[in-house]
Amino acid sequence: MNNREQRAEDRIQNTEVRSQKFPLKKCGSYYRLLSYCLLFPAYCLLFLTGCGSTPATLSDMHVKAIDIHQSGEKAFKRGDYKTSLKLYSDALRINRSIENIDGIAINLMNLATVHRKLGERDNALQCIDEILNSSSLSFTQHRLSEASYLKAILYLDNGQMDTSLEWSDKALSFCQQTKCGTEGRIYNLKAKISLLKQELDNALQCGAKGLDFNKNFEDNQEIANSIRLMAEAKTAKKEYLDARKLYEEAMQIDKASGLTNKIAFDLVGIGQVFLHEGKKEEALRYFKRALSISESSGNAKGIADVKNIIEKVRK
Amino acid sequence: MELMKEKDSRFVNLEKKIGLFVVIAIAGIIVAIFLLGVQQDIFTSKTTIYFIAPSGKNINEGQSVKLSGFKIGKVKKLSLDDIASVKVELSINTKYMKWIKSDSKARRTKEALIGEEIIEITPGSINAKKVEGQGVIDYERVKELSEMAEEIQAEIKPVLTDIKQIISYINDPKGNIKQTLGNIQKLSEDILVTQKHVDTLIQNTDQNLKSTITNVNTLLDSAKTTITNTDNIMKKIDKDIPGIMEKANKTLENVEKTTGEIKKITEQAAPQIPPIIEKGGNIAEGTKDIVDSVKKVWPIRSLIKQPEEKTLKVDSYE
């Protein structure tokens, strides 16, 4: 081995030693090249892909249906039932065109509710039956329960208590398979029917069950309804002290919710309890409070009802 | 260098690793471009239909085509045919073609008072045949603002002429109205003379009727005053009417002039309005796009509640 070969061999050995001692330092330039030339565009690509991914959005038609539906709700809340009817019909038509099953059910039920407000009971029943008798579309148990509940209410409006009770039970049976959130309302309706049929113990039981469900779902309006129905049952059972306490409890919830009509109902209820106890003056005081509330809210039916009660008491 | 490669395990298969990395990067770019294409409807199936318009004014390539308020396509191409009419080629999303029937009509319209100029297609009747690809639909011409102003002016002009004639008729000294007023004046003068005769007659009547006569005299005095007042009023009316008529005439002339000026202003402003409206529409659309995009960006999208349909609450106690 001559000197030149010896030097070359030494260089190789030195390089090997250096690479074992300082491996990164030796290859640093390659890593930098990789980092700048490949990793950077790769990161950019990953970033762009991440930004580009958009969440699942609703179709234009669905968004339009929702817009119209919400306008219908606003019209309903301001008492413009004719406009509300038209808007819900439009929303239903769009939902049908995209076969949005839940949207179809919701709009049919809202149409039934508006028809009921307009006193068009047959039209309301027709809308509900479209959900309950549908063979082509499979609506959820929740919607079927809501539809049955609405049907029960329509029958009760017509004084058909037994049929109404049947549909209330059907509404409950739909809820047994899934949690609906309507059980409280259904039990309240059953309590109301039992009260009308003078089945007071049953009314109390249904009211209590309704109260439990409504408390679970934190539905204050229906909680107050449950308590008021129980108060009515207690009044009918001549348990006046309990009845008064329940009415006051219901009134507190109604006041917190700002439901003027319900506050008037509660006051009339307390008045009735006093009347049953023979305390005419106390009763009149509560009836006058109810009248004042009805007058302030412009509730013509409420005013007429309370005035009628006051006149009867005075006679 | 060869020795380094052989000795260092990290450089084993370096070419393959780099190659694999580049392939993954290219695949990623292709997927991103594909997703963008899907978002921009590039891959949506389109069908081409036509309509023939007398003028291509305010019809542009890329302009939105809408049906019942939904964007269903856009203007693809404009070209002049043999008789100098404009052949407008529309590119329609095939899924919307089922609503375009042989009796559907295309018309140029605005989305609102301040809105984008669009081509609107009316949905045809249920029984009509569907329009197939390369089919032709009718074009319905929409009136321009200046044409509408001209129409209104044409309708108002005869009414103004009629009013002018009526005033001239009232103002005519030989006309019935003027002559009637003259007769009333003459009648009042005659009543005055008659009253004097009645006065003389009353003075010659019996003394017993003195008190009665006094009363009658008082009554007649008041009648005289009334008649004198009426006479004055008549004279005043007669004096004032020509002035009033002249003023009415001038007012009507002014109205006519004003209408003419309004028409001129409308004609001058009309060409400027569509571009302004178009710009406004573009800005509004751009803003909506930005807001819509921002709404989709994380984490903003998680803060915005998705709109939903819900049932009206039916109270169990009502």
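User: DSSP must find at least two bridges between two strands for them to count as paired. In this predicted model, do strand β1 and strand β7 of chain B pair in the parallel or the antiparallel sense?

Analyst: Strand β1 covers residues 46-53 of chain B and strand β7 covers residues 136-140. B:F51 stands opposite B:I137 in β7(B). Two bridges link the strands, and the sense of their pairing is parallel.

User: Which residue of β7(B) stands opposite B:K105?

Analyst: Strand β5 of chain B is made of residues 105-110. Three bridges join β5(B) to β7(B), and these two strands run parallel. The residue in β7(B) that stands opposite B:K105 is B:D138.

User: How many bridges join β5(B) to β6(B)?

Analyst: Strand β6 of chain B is residues 117-121, and it runs antiparallel to β5(B). B:K110 stands opposite B:E117 in β6(B). The number of bridges joining β5(B) to β6(B) is five.

User: In what order do the strands of the closed barrel in chain B run?

Analyst: The barrel has seven strands with mixed pairing. From one strand to the next, the twist averages 35°. The strand order is β1-β4-β3-β2-β6-β5-β7.

User: How many helices does chain B have?

Analyst: From the N terminus on, the elements of chain B run α-α-β-β-β-β-β-β-β-α-α-α-α-α. Strands number seven, and the count of helices is seven.

User: What percentage of contacts in chain B between residues at least 6 apart in sequence join residues at least 24 apart?

Analyst: Chain B has 318 residues, and buried residues make up 23% of them. Among its contacts between residues at least 6 apart in sequence, the share that joins residues at least 24 apart is 63%.

User: At what angle do helix α13 and helix α14 of chain A pack?

Analyst: Two packed helices are described by the angle between their axes and the distance between the axes. Helix α13 covers residues 260-276 and helix α14 residues 280-297, with axes 8 Å apart. Angles over 145 degrees count as roughly antiparallel, and α13(A) is roughly antiparallel to α14(A). The packing angle is about 165°.

User: Are helix α4 and helix α5 of chain A roughly parallel or roughly antiparallel to each other?

Analyst: Helix α4 is residues 81-97 and helix α5 is residues 101-117; their axes come within 9 Å and cross at roughly 160°. The cut-off for roughly antiparallel is an angle over 145 degrees. The two helices α4(A) and α5(A) are therefore roughly antiparallel.

User: How many nonpolar residues are in the contact of α4(A) with α5(A)?

Analyst: The crossing of these helices, α4(A) and α5(A), is left-handed. Its contact residues include A:Y81, A:L85 and A:R96 of α4(A), and A:I104, A:L111 and A:K117 of α5(A). Seven residues of the contact are polar and two are charged, and the number of nonpolar residues is nine.

User: Is A:T113 buried or exposed?

Analyst: A:T113 is found in helix α5 of chain A. Leaving aside neighbours within four places in sequence, A:T113 is in contact with A:F76 and A:L150, and with B:L312 and B:V314. Buried means under 20% relative accessible area. The relative accessible area of A:T113 is 6%, so A:T113 is buried.

Definitions and conventions:
Residues are numbered from 1 along each chain as its sequence is written. Chains are lettered from A and ligands numbered from 1 in the order in which they are written. This is a predicted model: local features need pLDDT of at least 70, side-chain atom pairs count only at pLDDT 80 or more; totals for chains, interfaces and linings use all residues. Side-chain values use heavy atoms; hydrogens and water are left out. Axes are lines fitted to C-alpha atoms, for helices over the stretch in contact, and angles run from 0 to 180 degrees between N-to-C directions. Helices (H or I, at least four residues) and strands (E, at least two) are DSSP runs, numbered from the N terminus. Angles under 35 degrees count as roughly parallel, over 145 as roughly antiparallel, 65 to 115 as roughly perpendicular and the rest as oblique. Buried means under 20% relative accessible area, exposed over 50%, partly exposed in between (1.4 Å probe, protein chains only). Contact means heavy atoms within 4.5 Å. A crossing is left-handed if the near helix is turned anticlockwise from the far one by less than a right angle, and right-handed if clockwise. Ala, Val, Leu, Ile, Met, Phe, Trp, Tyr, Cys and Pro count as nonpolar, Asp, Glu, Lys and Arg as charged, and the others, Gly among them, as polar.
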